[in-house]
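Colleague: I would like to go through some labels in this model. Please tell me what stands behind each one.

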Amino acid sequence: MTQSNNRVMVFGMDGATFDIMQPLLDAGRLPNLARLIARGASGTLDSSVPELSPPAWTSFMTGVTPGAHGVNDFFGPVEAGSYETRFFNASYRRRPPLWSLLSARGRRSCVLNVPFTFPPDPINGVMVSGMDTPSLESAFVHPPEFREELDRVTGGYRLERVERRLSRRAVGRYARSIEEITENRFRAAAHLLGRESWDLFVVVFESTDRAQHNFWKFRDPAHPEYNARDHARYGELVERAYEDLDRRLGELLALVPEDVTLCVMSDHGFGPLYKGVRLEHWLAREGYLRRAAAPRAPRPPALRERLGALLPEPARRLARALLGRRGGAALPPGLEAFAMAGTQVFPVGGYGNLVINLQGRQPQGVVPESEYEPLRARLIAALEGLRDPDTGARLIERVWRREEVYPHCLAQTPDIIIRWSPGYYCVGEQELGFLGIRPAPDALTTAHRWSGNHLPNGVLMLAGPDIVPGAGFDEAAIIDVAPTLMALLGEPVPSHMDGRVLTEALSADFLARHPPRTADYDLDIGETRPFSEAESACINERLKDLGYL
């Protein structure tokens, strides 16, 4: 078997969903995506569990589930049995990414702005890290000498700037910022397409995700914060983000030969978010979790924060980072708020997956091994029974034992895995405090900063000389993308991958010439490289700004 001469370009639209895309396609507002769908294969792409960008994009690049690659949230315990939490970055990834596998086969890649690729992999090609890049002072470009050129062609490469509290007067400013970041990434992508030779080209745009998180309420009459005045002014901001990326896609395709195989995809879908769920509060109320001290009631923004809102955003960000370091805020929200000697189970990360405080595993474990499975069973039944006190709707759509959803589990994988019902998402007690949200003391649900949130239904489109026009996918999952791209490039699929080759989208002629095959790859994963205190402070501020903390 020989390598295919195919080249593959991946155009990532973070958070894109056919729920938004299809009406725009029907109205003729996404002409480039419409042409792509007409000549290729398309369908829903099931996201990772959980449907968060860190595990999802890492599953895309590795072809394995979060149980195997280890990046299951924005932050969490990085060792089994540890109460210490860290922000995840690419060094915590325990399986090799697609571009490193291709480098080992002598192939060349360009990778731009894929979330959770910091520090950049030393690949055969060019890499610019994504949203987990701490700051512009970080070494986020490979090779390092490309940094000066990157700044020159983009007018200065930029990291995201986010309004932490999106007041009405800040909406237009933030929408412009999203567009400016998209333009910045587009310039970098267009330059690399014209400059580099490559077998794999990957670029991710995050504008669709950011617009839907923050602007969904302006387009959804069922949202509690919807009003006609804001709808008239801002009701098309989400749709405009899709239209903008459709235009960018067309401009990039003009720079690419027609025989290149194109993959358009998202890491997850999107839908409305109506309420936050106080999972930590519920665990404490039911006796599963004991707090180290009674939490202070969430307070309104401090005077210095209200005064700070008058400052330009760059000055606010600098002040927050400096004040955060002085106050020890460089680490993510940890487990020190819990009295572990009296705690049976505790949530980790921002999503709310649960860890059993097991004797012999955790330093202060209280649950005997004989009670591990009975406790999981009771918790699963209780969580699946949680209802919205106002509507009776289920708050949690599905709850799994970790081994039920992950074929392979690293030791630090949470014991209980949750999927929130559409319209609901976890909100932490610390988050309520710094956002100034003040629910009733025993309320189970409350307001949330976002008005839109992730759903599992992402998108996938493939088009090229070896793709069957009009084909659909048989339950395609995000872990299937990497093995499919390896097959399209004529390379053996790593035997450790959990995903499959989407042969239903590949032509019979291609499959006859390049039948999918597997092989063992022996790549050094490398040591984990935790963020420094200064880097953690930057990540802490950005995730707070984005709404993930």
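Colleague: Why does phenylalanine 116 count as buried?

Modeller: Its relative accessibility is 4%. Buried means under 20% relative accessible area, exposed over 50%, and partly exposed in between, using a 1.4 Å probe and protein chains only. So 4% makes phenylalanine 116 buried.

Keep in mind that this is a predicted model: local features need pLDDT of at least 70, side-chain atom pairs count only at pLDDT 80 or more, and totals for chains, interfaces and linings use all residues. Residues are numbered from 1 along each chain as its sequence is written, and side-chain values use heavy atoms, with hydrogens and water left out.

Colleague: What is the phi of phenylalanine 116?

Modeller: It is positive, about 65 degrees, although the residue is not a glycine. Phenylalanine 116 sits in the loop between E5 and E6.

Colleague: Is asparagine 113 buried or exposed?

Modeller: Its relative accessible area is 2%, so asparagine 113 is buried. Its phi is near 65 degrees, again a positive value in a residue other than glycine. Asparagine 113 lies in strand E5.

Colleague: What makes a run of residues a strand or a helix?

Modeller: Both are DSSP runs, numbered from the N terminus: helices are H or I with at least four residues, strands are E with at least two. Strand E18 covers residues 457-463. Six of its seven residues are buried.

Colleague: How do you know that E2 and E18 pair?

Modeller: Two strands pair if DSSP finds at least two bridges between them. E2 (residues 41-46) and E18 have six, in the antiparallel sense. One example is alanine 41, whose bridge partner in E18 is leucine 462.

Colleague: How many bridges join E9 to E18?

Modeller: Four, and the strands run antiparallel. E9 spans residues 261-265. Methionine 265 stands opposite leucine 460 in E18.

Colleague: Which residues of H2 meet H10?

Modeller: Pro31, Asn32 and Leu33 meet Asp246, Arg247, Leu249 and Gly250 in H10. Contact means heavy atoms within 4.5 Å. The contact residues divide into three nonpolar, two polar and two charged. Here Ala, Val, Leu, Ile, Met, Phe, Trp, Tyr, Cys and Pro count as nonpolar, Asp, Glu, Lys and Arg as charged, and the others, Gly among them, as polar.

Colleague: Where is proline 119?

Modeller: It is in the loop between strand E5 (109-114) and strand E6 (125-129). The peptide bond from phenylalanine 118 to proline 119 is cis, with omega near -5 degrees.
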